[in-house]
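Good morning, and thank you for your attention.

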Amino acid sequence: MSGPQIRPYATAIGAEVLGVDLAQPLDNAGWATIHDAYLEHHVLFFPEQELTPDEHVAFARRFGELEDYPFVHGIEGHPELIEIVKEPDEVINFGHRWHADMTFREQPPAGAVLYALEVPPVGGDTLFANMTLAWEMLSDGMKKTLRELRAIHDSGKPTRHSQNFKGMKMQHKEGSEQQITAHPFVRIHPEAGQESLLICPSYCHRIEGMTDEESTMILDHLERHATQDIFTCRYRWSPGDVVIWDNRCTMHIALEDDLAAIKGGQGFRRRMRRATIRS
Ligand code: OGA
Ligand code: MN
């Protein structure tokens with residue numbers, strides 16, 4: 001019997017995994033193939049899956065323990081799964097700026113498994129960027145400078161993660177608090193051993209010991225550098241797609257391209273279900 005087939009998706013990042021049914025338990029050989037591909041490509045796309053919440057959790061658990069999302073309630077019976085919803089009249093997606101997940105935590109999550117329940121025929125793509133490559137391709141001078149610095153990652157108000165989105169408002173978790181952490185710009189992948197760049201345009205706007213203006217200048221430059229086209233891939237979703245990203249060496253963004261909604265009308269509904277893997 002043949003195992004999962006890995007098909008690289010872009011030169012910088014991402015691979016499709018074909019010939020596997022994630023609703024079934026993975027044998028050791030299948031798991032090894034997938035895990036190796038995960039470390040090599042950082043983001044894996046599994047088309048045409050059909051997962052119950054239990055099966056979604058079981059697959060995500062192969063990568064580690066799961067954790068609850070701090071600001072958003074889980075779905076009924078599964079606190080570790082949240083739904084990410086954009087209603088037809090909404091413009092902004094959850095995750096609409098370049099970011100790595102929850103970098104406002106001392107230990108941001110290791111990754112996430114996102115399952116597409118409802119997506120439009122076109123639009124609502126997600127882009128991913130390779131932060132190992134982004135680090136590697138900085139100049140020696142910039143690397144040296146960044147090694148000395150730390151940046152402040154700030155969650156902002158807890159409501160920012162739910163109340164701004166009509167489709168997610170109902171899921172707001174009461175009692176959660178703003179979280180702020182300082183991180184170095186370079187981090188080492190605990191499994192792969194490689195260095196990668198840690199920035200997060202969504203949560204990080206200040207560098208320790210610098211003015212706002214200086215911080216903005218450097219952080220804007222790093223965002224442009226890290227998200228240049230050749231470091232990224234862009235995924236076009238179909239219902240049933242499952243995607244896992246390695247949050248320890250990537251960033252991602254949900255493209256905000258619902259033009260009908262932007263013009264004030266009714267656009268598309270988009271609904272994903274997500275599990276978060278603990279570091
Ligand atoms: C996320 C996220 C992007 C998307 O789940 O962390 O940013 O495309 N989602 O839904
Ligand atoms: Mn995200």
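Along the sequence, the donors of the manganese ion (ligand 2) follow the spacing H-x1-D-x150-H; donors are N, O and S atoms within 2.8 Å of the metal (3.2 Å for Na, K and Ca), and since water is not among the atoms, sites may look incomplete. Asp101, in the loop between E5 and E6, and His252, in strand E15 (residues 250-254), link distant parts of the chain, 151 residues apart. Strands here are DSSP runs of at least two residues (E), and helices runs of at least four (H or I), numbered from the N terminus.

This is a predicted model, in which local features need pLDDT of at least 70 and side-chain atom pairs pLDDT 80 or more, while totals for chains, interfaces and linings use all residues. Residues are numbered from 1 along each chain as written, chains are lettered from A and ligands numbered from 1 in the order written, and side-chain values use heavy atoms, without hydrogens or water.

The ion is coordinated at 2.1 Å by His99 (NE2), Asp101 (OD) and His252 (NE2). Is Asp101 buried or exposed? Asp101 is buried, because its relative accessible area is 5%, and His252 is buried at 6%; buried means under 20%, exposed over 50%, and partly exposed in between (1.4 Å probe, protein chains only).

Let me turn to the sheet. Three strands form an open sheet in the order E13-E7-E15, with antiparallel pairing, where pairing requires at least two DSSP bridges between two strands. Strand E13 (232-235) and E15 are the edge strands, each pairing on one side only. Strand E7 (residues 126-130) joins E13 over 4 bridges, and Ala129 stands opposite Thr232 in E13.
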